[in-house]
Each structure stands twice: as structure tokens, then as C-alpha cells.
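Trainee: Could you take me through a close look at the place where the two chains meet? I'd like one connected explanation that I can follow on the screen.

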There are 2 protein chains.
Amino acid sequence: MNFLKRYDDYKEIFEAELKKRIETLNSSNETLKDAMVYSLTVGGKRIRPVIMLAVAELLCVDLNKVLPFAVAIECIHTYSLIHDDLPAMDNDDLRRGKPTNHKVFGEAMAILAGDALLNYAYELILRSVTDNNSLSAGRLLALYAGAFGMVGGQALDILSENTVKNEETLYKIHENKTGKLLLASTLVPSCLAGNAHFDKLSEYGKNLGLLFQVTDDILDVVSSTAKLGKSINKDADENKLTFVTLYGLDGAKSYADKYYGNAKSALSDLEDNEFLLELLNFIKDREY
Amino acid sequence: MNFLKRYDDYKEIFEAELKKRIETLNSSNETLKDAMVYSLTVGGKRIRPVIMLAVAELLCVDLNKVLPFAVAIECIHTYSLIHDDLPAMDNDDLRRGKPTNHKVFGEAMAILAGDALLNYAYELILRSVTDNNSLSAGRLLALYAGAFGMVGGQALDILSENTVKNEETLYKIHENKTGKLLLASTLVPSCLAGNAHFDKLSEYGKNLGLLFQVTDDILDVVSSTAKLGKSINKDADENKLTFVTLYGLDGAKSYADKYYGNAKSALSDLEDNEFLLELLNFIKDREY
């Protein structure tokens, strides 16, 4: 099957599940729910859910088992974007071409909408824990989302603006900030399948995460605001540590090739690996 | 045993567990961990953990089973205070007589420290799920912490500054903002004991939550900044909806009596109820 068709199919399955979950989401307050739903449905590639569904299919995991985790990881990703965009953090007015959450609902509500999405992610996860495999999937996601994972990476990223800019710090930021949730997307289905192909998927997920981030850093320089749906050249302006600010544009591109190669070889002897391999091209060649 | 001695004993058991957990808390970044630990250890009555331990003892639940949930609920409470104190929310410089998190670590790090504490709470909960009872305890806590509980109440509280000030809104704010975590403190041990005395503890917890909040509203008017460790008279200044702004000081006091009575009768026919009954006096007569 054509890659993009299959990507859209996964995305559609995910969007249907997300819609269903949103309909039954309990909130004591409608404005809060509106703010949560606004950022959850403002668009986006849904790459984490798509990876989860694709890996689940490769491992013959029932998609109904992985879908609540796919919604949960998208909630975690979305809350992190809402908080990242706040004036005290990256101070972004646009996200995916639309006004950011705090521009629409105000800063206080944006903080709370992020908090509520994070709580909701775990509400979903805890409701989906039914056996040891789903429990270990939940534990992995929690570990990778927090101080040891994504939030730890965000903290490093903020501190990097005023700290020593070297390779070690760069890796630690990207490994955690973007990397850990993408890695979790490949490993949650593995947990659900009793740790099937855990090491290979771990190697694939780590390199896919780095590939995603180096491409992001490159796009910040070479893309346009119209395509990217957010401001460009922000990294250099803000004195951020990125692959491009550390290695230059050509250096960053050769790192992209390296991670692409590593991720590809990690899955080389797995059956039905076509979609996950083509996904690497999709990430590397994307324009937004 | 003397009430205050027993309160301190529970507090000490909790502090020892918290210390142990902090020592093994994984973070990719030391500053982030410092910010988390700062607010976790800045003091406080630890009333939620103390309630959990006391109810657990009443229900003959092994304290080791409830302790991770006690740390988790204190992490959730602490993250909510950090975010509440932010300039975009209540804009408080002092908490428990010490500078608030963002005053020490900056706004961005305070937002992330709150996020990390919330993630860590669920990491702990998921690690403590070992059977159906602990799973239902985790699910209850997640439901009561999020949009349907505490965060929903915070959102209502913010919106109340510019909305219609009536009894219904006041209850909905307090039932959720302060009430749901205090209620969870009584119900988590019940879940761990297979829903033992669930209805009675629910009635007790709801009224204890309202008693706590009405006393808080009263203290905002009659206490001093020195005693309270935070600014006073903020509610009226900010046009907040509270028991005092709605019913006046005397009206608020008679509501306190009513909730005190309701909570007391809920537990009247339970054995070993002395500590939980005296706790109501402690809450009602506290000066900070």
C-alpha cells in the first residue's frame, strides 16, 4: 500500500478515537474543556499516534489496545506545546498556523488546560491498564514524559540559552525533549506485546527522534513561516543550542543522514518493516 | 494518644517516605530537580498525606501500601500551588513564608517543575499498581486531580472573578478546587481496602473539604500575613468568590459549623474514629 495512504489511514483511525474520547471527557467547566479541545484538534501530523499504530500492527497488537495510549501520548505532547508556547517559555503566538492557546484563552487558562491534558492522559492510561503488559506500557510512558524524559529535556533546553554549548548538552536536550516521547511511541506497543523486539525498536526510536529533531532544527532555518505554521529563525534569535547552531547547516544535514541510516538498519531484519522505513523518509524530507 | 502527637507521627512517617523518594527521583537535569524538591520540602501541614495515613490505619491497610499514594497526592498538591502562584494566575511572591517557586527559579522553570511533579505523581502511582484495589485507587486520584476535579475547580475560580457570584458557583469551585484532593485523601485508602466504608468516608471527605475551604476563606480576612505565611485580604482585592465575600464573616462561620457537624456524623458509628474527628477541630480552629 502507498505510504501516504497508509499514514492517512492510521491518522483517521486515531482521529476517530480522539473524537470519541473528547465526547466523553468530563470537565467541571466548559471553558477549560474548550481550551483543551482547541489545542488537541488544531491539527498536526499526529506522528506519535501514527508510529504507535504502525508498530502495533507490525507486532500484531490489537489496535484497540494501543489506541488509548495513542490518545494519551498526543495529550502529553499537546500539553507540552501549550506550556512551551507561553510567554514565560518560548513566547509563541502561532502554532500550526493558528493562534496559540494562551492567545485565545489567556495565560491562566492555557496553564490549566495543559495541566488538565496531562492529568487526562494518565486518567486514560490508568483506565487502560488491564494486565502486566499494559501496566509496563503505562510506566514507561510516565517515566519518559517527566523529569527523566521530556520535561527534563525542556528544562535543559531553557538552561542552554545561557550555558555552555557543546555536543553533550545538545544530545541530552534532544534525546529527552523530543526524543523520549517518540521513543515511547515505538516502545509502548512493544510493552503491550510483552516486550517484542524491544531492543530493535528502541534503537529505531532513538534515531528516529534525533532525525526528527535535526530536521526540525534545519527547517527553522530553511523553511518559511507560511509552510511551518510558526515563526522561523527563532532558534538563532534566542541563542538556542541546535544542530544547526552547533554544526552549521551542512553539518546538521550529515547528522540527519547518519540517524536515518542507524534507524533503518535497526529494523532491517524485521518483517513488514516497509511503513516504518518509509516513515524515516517522510520525517527527513518533510517541509513543515 | 494525644491528637497532635499522632498528627506529628503520621507527618514524620510521611516525611521519611518523601525523603526516600526524593533521593531516588530521576531527572535529566539538576536544576529541575532542585526546583521540584524546593517546593516539595518548603514545609506545610501535609494534611492530605496525614488523612491518608489515618484513614488507612482505621481501615487496617498496610501503611506501606498507602505511602506512595500519599507522596503522589502531595506532589499533585505541590504542583498545583506552584502553578497557582505564577504571575499569570494568583501572582503570589510568598508561600508558607518563603519565596514562591518562580521567585527562586524563574517562571519557565516553575512551570516545568510543576509539570514534572505531576508526571512524577503518576509515575509513582503506576509503580504502585499491583492489584485491582491499587488500580482503582490510582484511577480515582487521576479523575479527581484533573478537569473533572482540582484543575476544573481552579478554572472555575479564575473565571469567577468576572462571572456571576452565586451559591452554585461557589460550591462548584470549592467542591473541586480544594475539595476533590481532600476527598481523594479519604477515598484512596478505602479503595486500597476494597472500598471499605466508601460512602461514609466520602461524606466525611466532602464536608471536611468544604470545612477546610470556608476556614481558609475566613483566615484570609482575620489572620495576619505573618501567621498565614502568605498575603492576606487577597480574595476581596481580587474580587474572588469566597464564603466570606458571599455570606459575610458570620455567615461563613455558621457554614463552617454546618460542615463540621456533617463530617462528624458521617463517621459517628465507626470504631477508632477519634483522630479523624479531632482532625475536624484542628482544621476549624487552625490559625494558618
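Mentor: The contact takes 47 residues from chain A and 47 residues from chain B, two residues being in contact if their C-beta atoms, placed from the backbone, lie within 7 Å. This is a predicted model, in which local features need pLDDT of at least 70 and side-chain atom pairs count only at pLDDT 80 or more, while totals for chains, interfaces and linings use all residues. Residues are numbered from 1 along each chain as its sequence is written, with chains lettered from A and ligands numbered from 1 in the order in which they are written.

On the side of chain A that touches chain B, the elements giving two or more residues are α2 (30-40), α6 (107-128), α7 (132-145), α8 (150-160) and α9 (167-177) of chain A. Helices here are DSSP runs (H or I, at least four residues), numbered from the N terminus. The largest share, 14 residues, comes from α6(A). By class, this side of chain A has 27 nonpolar, 13 polar and seven charged residues; Ala, Val, Leu, Ile, Met, Phe, Trp, Tyr, Cys and Pro count as nonpolar, Asp, Glu, Lys and Arg as charged, and the others, Gly among them, as polar.

Now for the way the copies are arranged.

Next, look at helix α8 (residues 150-160) of chain B. Nine of its 11 residues are buried, so α8(B) is largely enclosed by the rest of the structure. Buried means that 20 or more other C-beta atoms, placed from the backbone, lie within 10 Å of a residue's own. Among the buried residues of α8(B) are M150(B), V151(B), L156(B) and I158(B). The buried residues of α8(B) pack against α2 and α6 of chain A together with α4 (63-85), α7, α9 (167-177) and α10 of chain B.

Two of those neighbours, α7 (residues 132-145) and α10 (residues 179-192) of chain B, pack at an angle of about 170°, with their axes 8 Å apart. That makes α7(B) roughly antiparallel to α10(B), a label for angles over 145 degrees.

How values were computed:
Axes are lines fitted to C-alpha atoms, for helices over the stretch in contact, and angles run from 0 to 180 degrees between N-to-C directions. Angles under 35 degrees count as roughly parallel, over 145 as roughly antiparallel, 65 to 115 as roughly perpendicular and the rest as oblique. A residue is buried if 20 or more other C-beta atoms lie within 10 Å of its own, exposed if 12 or fewer, and partly exposed in between; C-beta atoms are placed from the backbone.
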